[in-house]
Amino acid sequence: MLGSLLLGLFVAVLVVQAYVNSEFTADHKETEVGDQDPVPLSIRGGGPIINTTGGQENTSRLPDRTIALTFDDGPDPTWTPKVLEVLRENDAHGTFFVVGSQVARHPALTKEIVADGNELGLHTFTHPNMQLLAPWRRHLELSQNQVAIAKATGVHTNLARFPYSSKADAIDETNWKIIKEAGQAGYLIVVNDRDSEDWQRPGVDQIIQNALPAGDSSAIILFHDAGGDRAQTVAALAKFIPMMKARGYRFTTVTEGLNLGIEEQAADVRTGRAPDSVTIIPALPENPPAASGDEWRGAALIWTIRLADGLVMLVAALFVVVGLLTIGRTALLLLLAARHARQRRKPGWSWGPPVTDPVSVIVPAYNEKEGIEAAVRSLALGDYPEIEVVVVDDGSTDGTADIVEALRLPNVRVVRVPNGGKPNALNAGIALARNDLIVTVDGDTIFEQDSIRRLVQPFADPSVGAVAGNVKVGNRASMVANWQHIEYVIGFNLDRRLYETLNCMPTVPGAIGAFRRQALAQVGGVSDETLAEDTDVTMALCRQGWRVVYEEHAKAWTEAPTTLEQLYRQRYRWSYGTMQAMWKHRRALFDNGPSGRFGRVGLPFLALFGVALPMLAPVVDVMLVYGLVFWELKETVIAWLGMLALQLFTAAVAFHFDREPIKPLWRLPLQQFAYRQLMYLVLIQSATTAMTGGRLRWHKLNRAGLTPRSESAPVPSASGEPASHGSVSPTVVSWPPNTPEVPRQQTFGRAVAPPTTPVVPSQAYREDLDLPQTGPR
């Protein structure tokens, strides 16, 4: 729901922004002059002020030697103040035909125009070609501008000028209909006598030449105070106004000049120079007060635009942040991960003397009947000298323990404990294990024959407390699983190379990880205080100063979710658990020693690149859609393809390091339009749950099982025959699933079975915990 609301908000904001910024470019096409026959000759040959109010059809000119300077397209925060300064210095006023969207953005500047004695007129709200709009939209363009002016200045205007209009002799049939339509709404339409053509920036002298009226005639002259560099306009005005005053001209606003003409006409009637039959119209008010209702509507409009502008600026800033984080992360990955890979592949590189100490493998299992046999066989029959496998059945109801016992493998033990959650099962297995090197494995995971041997070799370095293995997706038949395969190689395995180089590994994966018993005892074992027990315990180890490293050659094949619903639930738990773990260990930011180093390097790194970057990444898609609709299509596509090329390059490097065929990468572009959006929602919901203190249950995923998969030798099946090297595709579950999932219970606690070795002590750092509990204690 939150994701939908945010999406709806962004769409609404971008539509408002596109409308205000005149991005609907179909409205902004200049049109040729059409049929002029239906336009009365008195209009085409008349003055620049056209009056069609009350059904009349007449025009007016200003008195001789009178100039009305008019300025279109403002207000502009750069050039309008300069124009106003020139007018003040020369004791002149003008009429500013303002664009409503600019008024909404610069209300104080609009008010300054009026305060200086100048006049306002309407130049529509978004500067479209009115001929291409429906009647309702034309009305909206004028009324929205009117209410914006009302709120900004408290005044009303009776004047309007349409974008792309010219002189009276250019009015055609279509424009005439629009002029009469505006007259019915009470507007006088103002065109011009002289066009300075300052928008072409032909030079100051040419602008002045274009603006000169013929002889002693009057003129309404068109200038612009916005829409580009108006330095030539300002310079031309500074020369033009004194020059014309020296010739005996006066400068007025349009309404003031019109009223002067009305007064002269009335005087002519009184003195007999004009016939009594001439109709004398009353003088028009200049900048009359606005109706209070218009001011309220204008306030709502201005605040809507401010909100849209603010949010778009925020999105644009976040877009820059995402771009910088993406580039920074890519650079770090390519630099540090590449250095890690080169180091590991140097001839003769090793962790030290071969490690041959006995290993205990702990397999917590809850209703894993589909894959437990293959998993246990792959562990028990590895090529390591001495392997003990401890399967901890966590209250399964599907006969998982019976399946393992039926295998009768000599180095496999089954421990049955009441259902208490995965951390409890792991701690029970660790407590009952006979050896000091501990390997933890998920019950749906299959190891390569040499995985255990390779996984424990880093323990030749006494500073290493834990080792993360290389998790591979075993079921790659579906598109969803293939997307996860790409993510595992790029987002997990490549990242682990980087984290090891920075000595701040945040997670030893539950599917394949190895620990020293001493290290686990020092941090109090596996905590049940978060839903990401693997991340929690890894952070605790880093804080105690243990090195956590990555062994790329120790491979484990896991069964990834095959439906979007299962994937969502899994990632929701992962994300929420990671946020819990980060919050739990937050005080490491202020610690000294190894804990402080992890807190000031690992936590910010994980917060930036593991939480913030994925959560902010939707702005890239939002800006892409916005650009495709409202910006230049070519530039937008090029920018998106450039980002995709960067991702493909990073992916190719990651696949090369992992010695994976790059064929699956053809799905990466599709991943941008489906898989990523799902991960956005996961992070949004996880963050919301964390901030609101909500509780999240552990959901058991539906499994179909994998067969053993090895590059060296097949693992025999229960019948003694070699098993296939391929994977068994799981049954596809519909959305929503036809059969309900069984939620894993959250009864927490420690194992009560008598251990053969000292029980792991309670979890350290409990004083740091200040987060919502995930279940009963």
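At what angle do helix α11 and helix α20 pack, and how far apart are their axes? The structure is a predicted model, in which local features need pLDDT of at least 70, side-chain atom pairs count only at pLDDT 80 or more, and totals for chains, interfaces and linings use all residues. Residues are numbered from 1 along each chain as its sequence is written, and side-chain values use heavy atoms, with hydrogens and water left out.

Helix α11 covers residues 292-344 and helix α20 covers residues 593-616; the two pack at about 130°, and their axes are 10 Å apart. Axes here are lines fitted to C-alpha atoms, for helices over the stretch in contact, and angles run from 0 to 180 degrees between N-to-C directions. The two helices are therefore oblique to each other; angles under 35 degrees count as roughly parallel, over 145 as roughly antiparallel, 65 to 115 as roughly perpendicular, and the rest as oblique. The crossing of α11 and α20 is left-handed, a term used if the near helix is turned anticlockwise from the far one by less than a right angle, with right-handed used if clockwise. On the α11 side, the residues in contact include L318, V321, V322 and R329, and on the α20 side they include F605, L608 and F609. Contact means heavy atoms within 4.5 Å.

A second pair is formed by helix α3 (residues 79-89) and helix α5 (residues 107-115), packed at about 15° with axes 11 Å apart. That angle makes α3 roughly parallel to α5. Their crossing is also left-handed. T80, P81, L84 and R88 of α3 meet L109, E112 and I113 of α5.

These helices belong to a chain with 24 helices and 20 strands. Helices (H or I, at least four residues) and strands (E, at least two) are DSSP runs, numbered from the N terminus. Of the chain's 777 residues, 55% count as buried, meaning under 20% relative accessible area, while exposed is over 50% and partly exposed lies in between (1.4 Å probe, protein chains only). Among contacts between residues at least 6 apart in sequence, 81% join residues at least 24 apart.

One residue can be followed in detail. Q484 lies in helix α16, residues 479-502. Q484 counts as buried because its relative accessibility is 0%. A polar atom of the Q484 side chain lies 2.7 Å from the backbone oxygen of P561. Leaving aside residues up to four places away in sequence, Q484 touches V473, A560, P561, L567, Q570, R571 and Y675.

How values were computed
Polar contact = N/O pair within 3.5 Å; in protein donor to acceptor, adjacent residues only side chain to side chain.
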